[in-house]
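Student: I've never looked at this one before. Can we go through it together, bit by bit?

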Amino acid sequence: MMLHYFLRRCFLISFVFVALTVLAFSLSYLFPGDVLTNVSGLTEIRPEQRQTLIKYYALDQSLLQQYIAYLNRILDGEWGLSFSSQQPVLSEIIAVFPATMELASYALLLSFVLGIPLGLFAAVKADSFFGRLISGITLIAYSIPIFWWALLLIMLFSLTLGVLPTAGRISVLFDIPTTTGFMLPDIWLSDISYKSEAIIDALRHLLLPAVVLATFPTTVMIRFTRDSMLAVLEQSYIKTARAKGLSRAQVLYHHGLRNALLPVIRQIGLQFSTLITLAMITEVIFSWPGIGQWLLDSIYQRNYPAIQGGLLIVSCLVIVVNMLTEILHTLFNPLARKA
Amino acid sequence: MRKFRLYFEEQNRGPLTQLWQQFQRQHAAVFGLVMFSFFLLLTLLAPLITPHNPYLQNPDLLLLAPSWSDQGLVQYPFGTDDLGRDLMSRLMKGATYTFGIALVTVLGSLLMGIALGALAGMSRGVQSSIFNHVLDLALTIPSLLLAIIIVAVLGPGLWNTTWAIMLALLPQFVHGIRNAIQDTLKQDYVAAYRLDGASNWQVLRYAVLPNIWEHLTVMATMALSTAILDIAALGFLGLGAQAPTSEWGVMIADALDLIYLAPWAIALPGILVFAAVLSVNLVGDGLRTAMKKRREN
Amino acid sequence: MIKALLSLMVPCGSVLILSACQPDIPETIQQGMVYCAEGSPESFNPQRVTSGTTIDAISQQLYDRLLDIDPATGELLSALATDWRLSEDGKTYWFTLRPQVQFHHTGFFSPTRAFNANDVTFTFNRILQSDHPYHGVGGGNYPYFQSVDWGSLVQAVVAENSNTVRFELTRPDSSFLSNLATDFASILSAEYAAALLQQGTPELLDQRPIGTGPFFFKEYKKDQFIRYYRHPEYWRGKTELTQLVFDLVPDNAKRMAKLLTHECDVVAYPRNAELKLITERPDVEVQSQTSMNVGFWAFNTKKPPFDNVLVRKALAYAINKDAILDAVYFGYADKAKTLLPPTSWAFYHDLPEQQYDPVKAKELLAQAGYPQGFRMDIWAMPVQRLYNPNALKMAELMQADLAKIGVRASVVSFEWNSFRRKLSEYEHDSVLIGWAADNADPDNFFRPLLSCSAAESGSNRANWCDPNFDNLINQALLTADIKQRRSFYLTAQLYIDEQMPLVSIAHSKRFQAKSVKVTGVTINPYGGISMAAARKSL
């Protein structure tokens, strides 16, 4: 049964990847300009080179063969050159990717740490003042546009109070060599003498963007946990447990939590995709050098090979995470395996 | 004084009236509805009631403070921006763009969603399965990302944004409508209709649609809040409406340069976007709770 | 529950508290300075660029030149050349070179010898000799030198011995020494070039630079920052700063915010609108300098209808310069009537000013055959420049002005480096751009902007090639007599006014905003900024 489900998921994943690559491949034609320039990324193509390049990119063959050639190039790691820097798109993506991952992970962690307890609290004490306060704050946080919220926080904490920086991952005066691309591990692994100052500086830079990015997922977590917990609390097995004589806390812990948190795991996957999108906006405001800012810059500059590569990777990431969390969810929840 | 009843009469109000009664009981939802109507009126009337021309540059009155400060003037209640354009007029016109275009995209997406959802809901077998897979794929990508992708291909601009957001909202509408239609199709009265000899179209028109429109309204409100946020976000990023259009997101991006000189130019458009989204969410939440309470009664 | 929340707040709180204390920070950070720049450099070799952004970032920091210009008097000073003399016919120059000047030692190159004549010959022969192994490396364009037609002027550069260099010209040129003092004539390392050629990676010469300047190159993260460390053997004495970082922040508001939060110590191009705000705060201050620059609106004179002089004059009448000076420059600039600023010795005082006259503009348009007006685009720079703090806003103002005479203008902009690339390919109808002088010679305004050779090299934004004009400025170079040169330049300014290939708008003061703890940052009126004398008090 489990295997059957797993196979079906794998089939779905491959179908999805095919669809995504077809979309990315078609972008070379959909974007304005010369197809050869869009596919290769070279801004200056000398007439002698044209023929060789056309053969190399299989542009003189049928669309299907071009698509297969494109797939091969993608798997080889040859994603074309960026228009503006004439450097390989893939190496640029690899350079900026960890920054976004780091920001998104910390934001997700923050939304867990804040969201789940608050959601449980709101469910257990639904009609009290605090419960309603939490619901009210959640509604406000859900409705606020993220870029405006970020600007308000910057205006308050950076410009007025001056306690937090406005941009970047770490002060530029710190010379941290790049090993993993993730700032905190890199500081740890480096051999500089001022590690603790550097870590504190990095955390200061991380605080505002992570809070901003975590706002929306936290509200979703709170709502979801609360709804889920409320639904569980109404179940008969809870009433049975109470009737048996267990205290509130024991009921909550042994019976309520596991069942309430299961659907929350699924939410992680969905939240991650929203996170990536919101991260793009956050990165622009905080000048965080991640893939979101890179992709948006490429869109402004009409840097087509970069846009193609960026879209492919972001969409793939979103879908992969979704699939993974669904599989995880099904692992833990037997009921979902029927689907 | 309690209502004096001479004799006992069953009061069976229609479902709509019941809904409204439950809705009315939630003060927050009513407040949201009032705000929503305010924005709706503003959207429709803005071209007629703006005190000044939103695009008129007045080089003599640059960066005028709002009227409540010493240097402000009453004729310019919210002051002027750095090209001398009246901020209040621009904010009012902005409602047409942010709120109005959001409404248009939601309506457009809803109509397309009904068409596609009906097709999907009424079909069966392999066709249905493939469609479902494609739909699942489209659902996993967040609407803003989808909109950015479409704008990346089509290029920035207000019309392209409108299409982009319409397409980005489509998957969730199609998904919801298809599920709703399939659920309705399982009902007994639909079977009765079919036995009476109704064609597919007649089933759709007389049995399915009237029963799902409340569900549609709730979906539409959720989509509306997403649409407003997405339009403002795209405008802010420079991918949507372009300057000198006075869309609220564009106004925030323009005013970033003036963050020290005129912080109100950033605060005001943001407050309006926030209020618009809040009102839609309040109404949506209110409707959902009202429906739940109506079911319980 | 409360406990859980509290236990969460403690680490967050301690992070905030700890961040206020600054224990034991090494010298590279204490005496390190952050300069927030408005854009990324296009290259690390000043020969290859004309953009002020790039020159500011690389030129005075990494390199030296044979001669320097005194910022106060405009006179020539010795730098890498300690002495020079000129032959009687004005066609040969000899330079005596400074001894014991060391090149940079970095992780990727260690020099085995000091600076000598071979470095000078390499630097200039790369530009002059088309068969030089480095000539075509990286594209083969040397825009400044091509726009002043260096190739037809300099016949040979010869190393007579290890500390003397001889330049042989084809004709006398009174701006030759001034051109050697510009940032573009920075001296490169011939030894490094040879080593790179052997390794098969010559393009690194322009990307991972070696020079003799006060700082050496450590790292460049594209579009993020450039990191320099101090050159301990700098011939003028090692600098006080141990580290210099150029933080690349194209967004104006963010740059200003970084100044006020002290993430940046010095900020390039503060917005005119915020100057008053900065002066009100005690921890930051504004430096100003009268600068030799001009902001102008150039027409692509090879594209109709801009090939018609009546159309160009009509457009010039349609623009309200006073409104622009208020809204864009906030009053911190002077209205321009010609390319040269009033501080230049060749400035034409009595040239009549261009009037703002929309009625006359419509008449001229009708005369030219466009009574209904026409469509055009105005290309506006996305970045703040010395001569134009906000081209996009200026374009919007002009859009409204032009609409009054029936001309429908749309504003076009791109990312800065793409923008300049497209401009040099003459894709524009008209463009708002400008020029900042590289030396005190008036030729520096006319030749790189409006000469025929500049039109070929892509830096003549008006795409204007007029032999009469070229003749005037060439003649001005043949004589060393100031009075004669001046009369040629006056005629040239009159000619530009009559032909109107561009409309001069304003001469701006140059501003820089910095923390009060920083001293010694000099704004050079003739070139890039220099941080060699900068220091930061704690």
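Student: Okay, what percentage of the residues of chain A count as buried?

Tutor: One thing before that: this is a predicted model, where local features need pLDDT of at least 70, side-chain atom pairs count only at pLDDT 80 or more, and totals for chains, interfaces and linings use all residues. Residues are numbered from 1 along each chain as its sequence is written, while chains are lettered from A and ligands numbered from 1 in the order in which they are written. A residue is buried if 20 or more other C-beta atoms lie within 10 Å of its own, exposed if 12 or fewer, and partly exposed in between, with C-beta atoms placed from the backbone. Of the 339 residues of chain A, the buried part comes to 43%.

Student: How many helices and strands are there in chain A?

Tutor: Helices (H or I, at least four residues) and strands (E, at least two) are DSSP runs, numbered from the N terminus. Along the sequence, the pattern reads α-α-α-α-α-α-α-α-α-α-α-α-α. That gives 13 helices and 0 strands.

Student: Why does helix 10 of chain A lie largely in the open?

Tutor: This helix covers residues 236-244, and G245(A), with a positive phi near 115 degrees, follows it.

Student: Which helix of chain A gives the largest share of the side that touches chain B?

Tutor: Contact here means that two residues have their C-beta atoms, placed from the backbone, within 7 Å. Chain A brings 32 residues to this contact and chain B brings 28 residues. On the chain A side there are 26 nonpolar, 6 polar and no charged residues (nonpolar: Ala, Val, Leu, Ile, Met, Phe, Trp, Tyr, Cys and Pro; charged: Asp, Glu, Lys and Arg; polar: the others, Gly among them). The largest share, 7 residues, comes from helix 13 of chain A.

Student: And which helix of chain C gives the largest share of the side that touches chain A?

Tutor: That contact takes 29 residues from chain C and 26 residues from chain A. By class, the chain C side has 14 nonpolar, 7 polar and 8 charged residues. The largest share, 6 residues, is from helix 1 of chain C.

Student: Which residues have the most contacts inside the largest nonpolar core?

Tutor: A nonpolar core is a set of buried Ala, Val, Leu, Ile, Met, Phe, Trp, Tyr and Cys residues joined through C-beta atoms within 7 Å. The largest one has 334 residues, and its largest share, 19 residues, comes from helix 9 (residues 195-233) of chain A. Leaving aside neighbours within four places in sequence, F147(A) is in contact with I281(A), I285(A), A233(B), F236(B) and I252(B). The residues with the most contacts inside the core are F147(A), I228(B) and L432(C).

Student: Is E427(C) buried, partly exposed or exposed?

Tutor: E427(C) sits in the loop between helix 16 (416-424) and strand 17 (430-436) of chain C. In space, E427(C) is 8.5 Å from N300(C), C-alpha to C-alpha, though they are 127 residues apart in sequence. Its 14 C-beta neighbours inside 10 Å make E427(C) partly exposed.
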